[in-house]
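Have the viewer open and follow along.

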Amino acid sequence: FFFLCTMSRKTARVCLLLAAIALAFLSILRYTNEQQHSLHYSHNDSSNLNSLKSRRLSSSKTYQPQQLIQSPSNEHTDEEDTASSSEEGYTYLIIHYHKSGHILTQNLRDILLQIDPSIQRNYIDRFPKRQHDPTTKCPHLTLHPNTVYVQSSPDFFCNVDILAEELLTRPTKQRGVKLIHLIRDPFTMAISNYNYHSQDPLPEGENWVKRTNPCAVEDKSTLIYADLFMKTFTSPGAYRLMEYDDFKIIQTMCHRLYDQQQSSPGFYQHLLNLPPTDGLILATTYLMLGHGGDILRMANNIIKLRQLQTLERQIHLQQHTLPTFNNESKRKVQVLTMSMDNFIRRPKESTIQFLEFISLGNNDVLLSVEEKEEIATRYEEMYYGKVTAGDEHITSLLSKPKKMVSDGNIMEEETMVVMSDKVAVLEQSLRENVLWGRVLGNIANLVEESLKGVHNWY
């Protein structure tokens with residue numbers, strides 16, 4: 001062909017024309033194939049996108065709660081199940097809130113790292129606190145087995161099936177999530193918050209209190225969170241802990257107290273200069289609404305985790321595997337709700353309760369009664385040592401237990417701790433307040449029932 005095209009100018013022009021036509025034809029053919037290929041995948045991508053928008057935006061695969069919570073398949077042999085469970089252990093998620101155990105959660109993490117050899121990683125605030133995906137209304141957890149997560153103030157505003165997906169997509173089928181939920185009586189939580197932020201000097205890392213106008217933050221935050229909280233508080237089987245109008249009343253209360261101290265700009269100066277009962281109210285408005293408000297977030301998450309447990313029970317009922325659910329060690333989401341106040345009053349007993357929960361159904365953690373006693377005693381001594389030393393990050397509401405020395409050994413003379421007169425006055429002022437007495441009282445009842453395991457499935 002090349003030889004013919006070079007014989008004369010006329011044949012060369014014909015050859016160039018034929019080559020141009022051939023190239024054009026090939027281009028058209030390639031374009032057609034690409035369009036068909038693109039059309040096929042754009043259809044699939046559109047379907048996936050719709051699924052992701054309604055479920056989990058960072059995942060290409062979604063699951064139904066039944067798939068995530070169901071018992072391991074009977075097709076596996078016992079040897080396979082044992083091998084799998086020994087290779088991949090539990091996911092541990094320790095949740096706390098502002099003034100419900102920041103230091104405590106890290107101590108519990110350290111205990112876990114000592115007693116469970118299967119743990120490979122540990123994280124603090126792995127996902128952003130007080131934030132959530134705008135579509136799902138939950139954060140993307142991306143949990144892994146053999147890992148400890150210590151998480152502050154998570155936003156669990158999503159539907160319970162999405163919450164199940166976020167918790168269980170990554171953990172193994174043989175083992176699920178052990179979740180330790182540290183909560184607190186809202187009255188003592190509010191007083192601890194006030195005492196902590198009104199210290200002089202301020203604890204290290206708390207200078208934001210000097211720069212913040214709490215009411216401006218609350219005004220913006222309320223617009224975001226009021227509907228989210230009320231959706232949970234009015235959901236089936238939940239508690240109507242407060243009314244929509246209460247959010248506006250709390251905002252008004254904040255402005256009234258903040259505006260009367262024009263000569264003392266800044267949140268911190270207000271806490272120092274206001275009468276203690278007024279300073280407590282101002283601090284509590286921020287703990288309720290500022291950045292979403294951890295007292296309300298705690299109540300919200302108590303309800304969501306209860307609904308999650310109810311969902312798991314219902315799935316087992318449908319699958320006729322209720323005996324599996326009734327065996328707590330077989331549940332995919334095992335929840336231990338613990339009280340920060342109990343850790344303050346009875347640190348040894350609370351630590352033993354934590355260790356027994358971790359050991360339940362966990363072949364990687366085999367502790368004798370004596371070993372649990374030893375670990376719990378060490379934690380108790382460390383805690384009282386920090387309280388005695390006046391650790392600025394431990395604002396105990398209670399007096400230290402009295403000790404006596406006998407034959408060179410330290411012995412407890414009195415294990416009951418007594419609230420100081422100042423704390424008693426502050427708590428009474430909250431309980432007698434028309435708004436706080438009702439709202440915090442409702443949350444206190446929710447906390448108490450959750451700790452007792454009352455109405456877990458209804």
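Start in helix α13, where Asp-294 and Arg-297 sit 3 residues apart, so about one helical turn separates them. Helices here are DSSP runs of H or I with at least four residues, strands are E runs of at least two, and both are numbered from the N terminus. The two side chains form a salt bridge, with 2.9 Å between the closest N and O atoms. By salt bridge I mean a side-chain nitrogen of Lys or Arg within 4 Å of a carboxyl oxygen of Asp or Glu. Both Asp-294 and Arg-297 are buried, where buried means under 20% relative accessible area, exposed means over 50%, and partly exposed is in between (1.4 Å probe, protein chains only).

A quick word on the ground rules: this is a predicted model, in which local features need pLDDT of at least 70 and side-chain atom pairs count only at pLDDT 80 or more, while totals for chains, interfaces and linings use all residues. Residues are numbered from 1 along each chain as its sequence is written, and side-chain values use heavy atoms, with hydrogens and water left out.

Asp-294 also turns up where two helices meet. Leu-287, Met-288 and Leu-289 in α12 touch Asp-294, Ile-295 and Leu-296 in α13, a contact being heavy atoms within 4.5 Å. By class, that contact has 5 nonpolar, no polar and 1 charged residues. (Ala, Val, Leu, Ile, Met, Phe, Trp, Tyr, Cys and Pro count as nonpolar, Asp, Glu, Lys and Arg as charged, and the others, Gly among them, as polar.) The axes of α12 (residues 276-289) and α13 (residues 294-318) come within 4 Å and cross at roughly 40°. Axes are lines fitted to C-alpha atoms, for helices over the stretch in contact, and angles run from 0 to 180 degrees between N-to-C directions. The two helices are therefore oblique to each other; under 35 degrees would be roughly parallel, over 145 roughly antiparallel, 65 to 115 roughly perpendicular, and the rest is oblique.

Back to charges: the whole structure has 11 salt bridges. One of them joins Arg-431 and Glu-427, at 2.9 Å from N to O. These two are 4 residues apart in helix α18 (residues 421-432), so again about one helical turn lies between them. Arg-431 is partly exposed at 43% relative accessibility, whereas Glu-427 is buried at 14%. Through shared partners, salt bridges also tie Arg-130, Asp-155, Asp-294 and Arg-297 into one network.

Which parts of the chain does the pair of Lys-348 and Glu-373 link? Their side chains meet in a salt bridge (3.0 Å, N to O). The pair links distant parts of the chain, 25 residues apart, with Lys-348 in helix α16 (residues 347-359) and Glu-373 in helix α17 (residues 369-389). Lys-348 is partly exposed at 22% relative accessible area, and Glu-373 is partly exposed at 33%.

Pro-347 is also in α16, and is buried at 0% relative accessible area. Leaving out residues up to four places away in sequence, Pro-347 touches Asn-342, Tyr-379, Glu-380, Tyr-383 and Tyr-384.

Finally, the sheet. An open sheet of 5 strands runs in the order β2-β3-β1-β4-β5, with parallel pairing; strands pair if DSSP finds at least two bridges between them. β2 (121-124) and β5 (333-339) are the edge strands, each pairing on one side only.
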